[in-house]
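Work through the exercises below with the structure in view. Try each task before reading its solution.

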Amino acid sequence: MTFFRPLMCLALLLASCSGDEAPTEEFDLSTMLSQLGENVFLPTYRDAASAAEALESAATTYCAAPSDAGLSALEDAFRSAHVAFRAADAFAYGPHTDRPERFGPKIDEFPVETADVQELLTSTDGLALEDFQLRGNRTQGFTVLDYLIFSSEDEVGSWSGRRCEYVVGQSGRVREITAGYVQAWSPEGGDHLGEMVRGEGRYPGVFTAASIVMEQLKFGLEFTRAIRVGKPFGERDAGRLQLDQFEAPNSRGSLAAVRRSVESARSVYLGRYEDRAGQVRDGLGVQDWVGSFRTDLDGPTLAEFDAVIAAIDAIEPDLETAVENDGPAIQNVLDAFRELEATIQVDLAAAVGVSITFSPVDGD
Amino acid sequence: MFFRVAFGLLMAANVVRYELAGWVDDLYVAPLVRFPYWGFEWLPVFGSAGMHAMFAVVGLSALAMAAGYRFRLAAATFVVSFSYLELIDRTNYLNHYYLVSLLALLLVFMPLERGRQRVPSWCVAAIRLQLTLVYFFAGVAKLRIDWLVGAPLSIWLRRHIDLPLVGSLMDEYWLALAMSWAGLAFDLAVGPCLWFRRTRPFAYAAVVAFHLATASLFPIGAFPWLMIVSTTVFFAPAWPRDVAKGRFATQRTKLRSLVGFRDERGRSRMSGPSLRAGAVLIGAHFLIQALFPLRHLLYEGRTEWHEQGFRFSWNVMVAEKFGMVEFRVVTPDGATSRVHPSDELTPLQMRMMQTQPDMILSYAHHLARRWRRQGLGEVAVYADAFANLNGRRRQRFIDPEVNLAAEEEGFGPKRWILPLQEPDSPVVSARRTR
């Protein structure tokens, strides 16, 4: 009977094959990559670059003429620039991680090395960009700006000259690098997007390029869950809180960063992005790719995105406080993340045939 | 002779390929954690120099085999060094590397030194039988509903939709179905067809076509070339000379001569106790080869899902699984730490462990040892593992309530693997509901 069961099932299958056909609408991966690039990746990086310009401008203005309003504007500009950059988490590959650009580590590592930063503030070492080439990444970029702008308990206007120099210099670095992302991705510059769309260079084939999109969707979420939330929560350390592991503790911006990172993943999934000016761009995304094979996964996936966002929004007043005082709320966030990650890594990946954590070695 | 030379050169080339691709470092040097086979945990693990040296031994012994230089010693050295590399980490298990080990093991007993003009016919027969068993069991393994409805292939072919010319066909269901049945028919039929004179040329053409097609579509390394080369043993030993002279005669296989320990002229190469010992050894080998792939019948449930009895059974490309796993370690005082295995495993180890329960168990034991070494006592280790099989919706893979640190490795049934809930693959259910 065991032997005949497959044959019986097959007979049933073939008998039912004569009816409606499966959805056979053509789906073009190059078009998806192109539209994701034009509608999501490039606008996001342009927004991040524009927010970083505003940050540098605010830093320069404040340091030139310190005032309450100037400091407040600088703080707002930092928060805007930081979350604008987080909006690119779901496609943090290519120029973000690969040489020669390898932009990510230059501005996007945390937590801050406070001892090194304090030493820099009190020493006479150079603070120009070239002086940081041999210094740790955690004395640079967003993490150090979060520390320098928000941790000072000094009176307004009493920042030392070196602190101002440091803030202005690092704001300039963030502006320069975010502009570098735009340059590296755009067709007029490094044309990283073109490499993906054509399946060239770092991407041996369009499917490989599309696979990277799917992989980063998962890894971006995993990083946010495990490192931005789970680590401070002590998930890896027997529940012992690691309060020095937050991403942006001084600005209390860690929660906003987490939320924006999830929105970034949702943008790539949907192929839709609303830019800082409120303009919505919509095109093909991972949702359409998966949908070309399986239509039943979209509803659960969107619901799981919503569940993560809802769990994040339920945290009050901020991540730093909730980690200490509201363990169940944090646990809800982590659990919601895990469900979504599993859906992406197992269900969506299987639907399109992408092997997450792919290793280019022999199989079977 | 052709087989000896081709097999040796192919294996040597494979070593060069591993070195050039950096896989010796990536797969054998880089791992911080290993997944040795049960019973082989005692094997020492060498550092970088040792691993590269071991690959050099594999390569040199393969070349010596090809040259027929001290053939049996070379073959024995190859078996030991190659098998060592396989046994120290289940991550690197490949069906065709298992076949390489078996073929090389058979070669150890064969008089194939350089200069020998003729070999006993049992040598040819043994290799032919070994290859036949591989194809046969690979075909039997495909007699599963998921394969018959084209579920695994429909997933794999999607990866080729950007191929020029044929790419647009690659997500067509009929193609997956047709290729599945063609693969099944090939595996079941090619072995017997290679044995018979009339069908042999067609069967070999099918071997070449099938393996070239799979080589172009799937990353299966040396396997296609190994089979294309190895199946030439079904031709008369003089076939290279015949081809060189422009004729390609096919000889009738004399069954009686193949099962005896005699050469092609019928002269006995062994006698008395050595004949009996040889016959017993070869007989035992093939008895094991005939039974071992069937051991999965001893376990309940879907073999592709729980993977008990899956390895060493010629389950060649029969299933596609996707998985995700994390671990919880609970100390005696109740404190829980979550472990992300990707912190210390290589990407390939992660990919393999996520869908292979015995590797999940081994990693759980590794975590328990790690905590013990840190003086944190006897911890409990739980897995949050999810997986799917051939495109079904994901489900929990491992019972999250079972302390894996307390579970034993071995051949016993692993009751902590949760049964597959969705019986039919989505391809079937989709067709039924539309």
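**Exercise 1. Is A:Ala210 buried or exposed, and which residues does A:Ala210 touch?**

Step 1. A:Ala210 has a relative accessible area of 0%, so this residue is buried. Buried means under 20% relative accessible area, exposed means over 50%, and partly exposed lies in between (1.4 Å probe, protein chains only).

Step 2. Helices (H or I, at least four residues) and strands (E, at least two) are DSSP runs, numbered from the N terminus.

Step 3. List the contacts, meaning heavy atoms within 4.5 Å. Neighbours within four places in sequence aside, A:Ala210 touches A:Leu29, A:Met32, A:Leu33 and A:Trp289.

Step 4. Take A:Leu33 from that list. A:Leu33 and A:Ala210 are 177 residues apart in sequence, yet 6.9 Å apart in space, C-alpha to C-alpha.

A note on the model: it is predicted, local features need pLDDT of at least 70, side-chain atom pairs count only at pLDDT 80 or more, and totals for chains, interfaces and linings use all residues. Residues are numbered from 1 along each chain as its sequence is written, chains are lettered from A and ligands numbered from 1 in the order in which they are written, and side-chain values use heavy atoms, with hydrogens and water left out.

**Exercise 2. State how confident the predictor is in chain A.**

Step 1. Chain A averages 89, and 90% of the residues score at least 70.

Step 2. Where pLDDT is low, the predicted coordinates should not be read in detail.

**Exercise 3. Describe how helix α6 of chain A is covered.**

Step 1. Helix α6 spans residues 141-150, and ten of its ten residues are buried. Among them are A:Phe142, A:Leu145 and A:Tyr147.

Step 2. The cover includes α2 (29-64), α3 (68-86), α4 (104-107), α5 (114-122) and α7 of chain A.

Step 3. Look at A:Ser171, in helix α7 (residues 161-185) of chain A. A:Ser171 is buried too, at 0% relative accessibility. A:Leu145 is one of its contacts.

**Exercise 4. Find which cysteines form a disulfide, and give its handedness.**

Step 1. Count a pair of cysteine sulfur atoms within 2.5 Å as a disulfide. The count comes to one over all chains.

Step 2. The pair is A:Cys63 and A:Cys164, with S to S 2.1 Å. The torsion about the S-S bond is about -95°, so the disulfide is left-handed.

Step 3. A:Cys63 sits in helix α2 and A:Cys164 in helix α7 of chain A, so the bond ties together parts 101 residues apart in sequence.

**Exercise 5. Work out the order of the four-strand sheet in chain B.**

Step 1. Strands pair if DSSP finds at least two bridges between them. The open sheet runs β2-β1-β3-β4, with antiparallel pairing.

Step 2. Find the edges. β2 (336-339) and β4 (395-396) of chain B each have a single partner strand, so one side of each lacks a neighbour in the sheet.

Step 3. Check one pair: four bridges join β1 (residues 321-330) to β2 of chain B. B:Val329 stands opposite B:Ser337 in β2.

Methods
pLDDT is the predictor's confidence in each residue, from 0 to 100.
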